[in-house]
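Welcome! Here is a friendly tour for anyone meeting this protein for the first time. Please have a look at the sequence and the model before reading on.

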Amino acid sequence: MTSSEIVARLWKLCDVLRDDGITYHQYVTELTYILFLKMAKEQGEEIEKLIDENYRWEKLISYDGIELKKFYKELLDFLGTKGQGIVKKIYQGASTNIEEPNNLKKIITTIDSIEWYSQDEEELGNLYEGLLEKNASEKKSGAGQYFTPRVLIDVIVDLIKPQVGELCNDPACGTFGFMIAADRYIKNRTDDLFNLSEEESIFQQTKAFSGCELVRDTHRLALMNAMLHNIQGEIKLADTLSNEGKSMCDYDVVLTNPPFGTKKGGERATRDDFTFSTSNKQLNFLQHIYRSLKADGKARAGVVLPDNVLFDSQGEKIRCDLMDKCNLHTILRLPTGIFYAQGVKTNVLFFTRGEKDKDNTKEVWVYDMRTNMPSFGKTNPLKREDFKKFEEAYEAEDRRKVGDERWSVLTREEIEKRGNSLDFGLIRDESILNYDELESPIENIENCIFELEESLSLLKSVMDELNSVEERLVE
């Protein structure tokens with residue numbers, strides 16, 4: 001049975017739980033609790049020895065009915081409070097939403113019947129990623145907010161090129177997809193990986209890849225994902241924008257897609273070391289990211305950020321600081337429809353930390369993958385070939401010789417004249433017939449106001465007429 005077949009079989013079980021009111025996201029969390037025990041049994045003694053023998057897989061499958069439900073709740077509580085190492089982290093605060101014992105039994109027996117011995121370690125990791133991806137593709141799950149499309153992750157990782165011995169971090173790691181892709185990139189491109197010294201091997205397994213996640217349920221999914229990919233780096237359960245994030249620094253590589261939106265109530269980040277105060281969550285993450293890179297002229301980042309980061313007035317000083325401290329060499333304007341919210345407009349910023357804190361950005365290249373592009377979504381997912389021309393432009397020895405209308409550049413001086421806005425590089429939209437007839441922004445606003453006043457006047461006339469009719473009816 002292939003990984004995709006197993007994913008499809010496990011996903012069908014979600015239909016069984018509908019009557020229990022289980023959401024897609026809750027289902028993946030429940031699967032994680034149960035799969036962990038099964039994976040511990042399949043992967044051998046190293047992980048299973050961390051689990052008390054009274055709460056291992058053989059015990060779980062031996063129960064039925066009400067006794068199963070009672071034992072399962074007891075198991076979650078025990079492993080979350082008295083478990084060891086990663087076991088305690090995954091089960092901490094765990095509870096079940098499954099009310100019907102028969103449904104719980106069906107999940108357990110289905111997992112037990114799968115031929116796991118045919119899955120090697122890498123396939124187990126891919127299988128779990130498949131479940132997470134399936135969860136993210138279901139709009140009702142709400143999971144798309146923390147799941148970056150794998151094809152986009154792979155493109156960013158391939159261009160950033162993490163290397164053996166480098167410290168890589170994701171300060172908003174979700175299910176740990178960026179770090180797993182970075183690990184995969186290194187393994188696939190390092191011929192002498194098996195010739196590493198013992199010290200280097202231990203570093204790659206335990207130190208090279210780390211992250212931070214604020215949401216507890218997502219954090220446990222990240223832990224499970226990392227474990228199945230044999231990554232033991234630290235994954236903090238914390239808020240990067242709090243003082244706990246101050247210790248996250250001196251990285252060679254940062255790869256991330258921070259959460260969108262503002263902090264609740266518009267409050268400021270609680271970090272006391274940020275130079276610029278703002279309630280914009282993405283701008284605060286941007287501050288954290290470029291400050292967390294080693295100032296060695298080589299440390300680099302690939303970051304997914306929404307459009308407002310490019311032009312928001314709160315962010316001007318942060319953008320200037322970024323361009324001073326780093327070489328912001330490339331911005332990719334992404335198409336809409338690739339994330340869970342259709343209207344979200346996003347970009348990828350690529351930058352390298354300088355050795356000094358001033359004048360590192362000389363020019364910024366922008367590639368427009370948004371204008372005159374097909375509509376992407378569930379029926380037309382983003383594919384690797386869609387990025388082919390961007391990757392060619394990015395990797396070109398002389399960027400000025402790239403003959404692609406989507407590829408443009410502004411110098412730092414030109415950006416300064418634009419009020420330090422980075423919202424540029426979009427080509428003409430074919431859906432707009434005549435650019436020459438477009439109003440200026442001021443004219444456009446004035447026309448909108450005029451049209452609004454006309455509509456209000458018309459509405460007032462209709463209301464007056466209705467009132468007049470009502471008065472006549474009363475008479």
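Which residue lies over the face of Tyr394? The answer is Arg399, placed 5.2 Å from the ring centre.

## The model as a whole

What you see is a predicted model. The mean pLDDT of the protein is 85, and 82% of its residues reach 70 or more. Over residues 433-444, the pLDDT is below 50, and this stretch has 7 contacts in the model beyond near neighbours in sequence.

The protein has 18 helices and 9 strands. Of its 475 residues, 51% count as buried. Among contacts with a separation of 6 or more, 75% are between residues 24 or more positions apart.

## The sheet

How are the strands arranged? The 9 strands form an open sheet with mixed pairing, in the order S3-S2-S1-S4-S5-S7-S6-S8-S9. At the edges are strand S3 (235-237) and strand S9 (407-411), each of which pairs on one side only. Neighbouring strands are turned by 20° against each other on average, with direction ignored.

Now turn to S5, whose residues are 300-306. Strand S4 (residues 253-256) runs parallel to S5, and 4 bridges join them. Leu255 has Gly302 as its bridge partner in S5. S5 and S7 are joined by 7 bridges and run antiparallel, with Ala301 standing opposite Phe351 in S7.

How many of the residues of S5 are buried? The count is 7 of 7. In a regular strand, side chains alternate between the two faces of the sheet. In S5 both faces are covered: Arg300, Gly302, Val304 and Pro306 are buried on one side, and Ala301, Val303 and Leu305 on the other.

Asp307 lies in the loop between strand S5 and helix H14 (308-311). Is Asp307 buried or exposed? Its relative accessibility is 12%, so Asp307 counts as buried, the cut-off being under 20%. Leaving aside residues up to four places away in sequence, Asp307 touches Arg333, Lys345, Thr346, Asn347 and Arg370.

Why is H15 described as largely enclosed by the rest of the structure? Because 8 of its 10 residues are buried. These are Ile318, Arg319, Cys320, Asp321, Leu322, Met323, Asp324 and Lys325. The buried residues of H15 pack against helix H13 (281-292), H14, S6, S7, S8 and helix H17 (412-417).

## Aromatic rings

The protein has 12 aromatic pairs. In one of them, the rings of Tyr55 and Phe78 have centres 4.4 Å apart and planes at 20°, so the pair is stacked. Tyr55 is in the loop between helix H3 (45-48) and helix H4 (57-60), whereas Phe78 is in helix H5 (residues 65-82). The two are 23 residues apart, and the pair links distant parts of the chain. Tyr55 counts as buried at 10% relative accessibility, and Phe78 is buried with a relative accessible area of 17%.

## A last stop: Leu228

Our tour ends in helix H12 (residues 216-228), where Leu228 lies. Leu228 is buried, with a relative accessible area of 2%. Leu228 and Leu127 are 101 residues apart along the chain, while their C-alpha atoms are separated by 9.3 Å.

Conventions
Residues are numbered from 1 along each chain as its sequence is written. This is a predicted model: local features need pLDDT of at least 70, side-chain atom pairs count only at pLDDT 80 or more; totals for chains, interfaces and linings use all residues. Side-chain values use heavy atoms; hydrogens and water are left out. Two strands pair if DSSP finds at least two bridges between them. Axes are lines fitted to C-alpha atoms, for helices over the stretch in contact, and angles run from 0 to 180 degrees between N-to-C directions. pLDDT is the predictor's confidence in each residue, from 0 to 100. Contact means heavy atoms within 4.5 Å. Rings of Phe, Tyr and Trp (its six-membered ring) pair if their centres lie within 6.5 Å; planes under 30 degrees apart count as stacked, over 60 as edge-to-face and the rest as tilted. Buried means under 20% relative accessible area, exposed over 50%, partly exposed in between (1.4 Å probe, protein chains only). A charge sits over a ring if NZ of Lys or CZ of Arg is within 6 Å of the ring centre and within 35 degrees of the ring normal.
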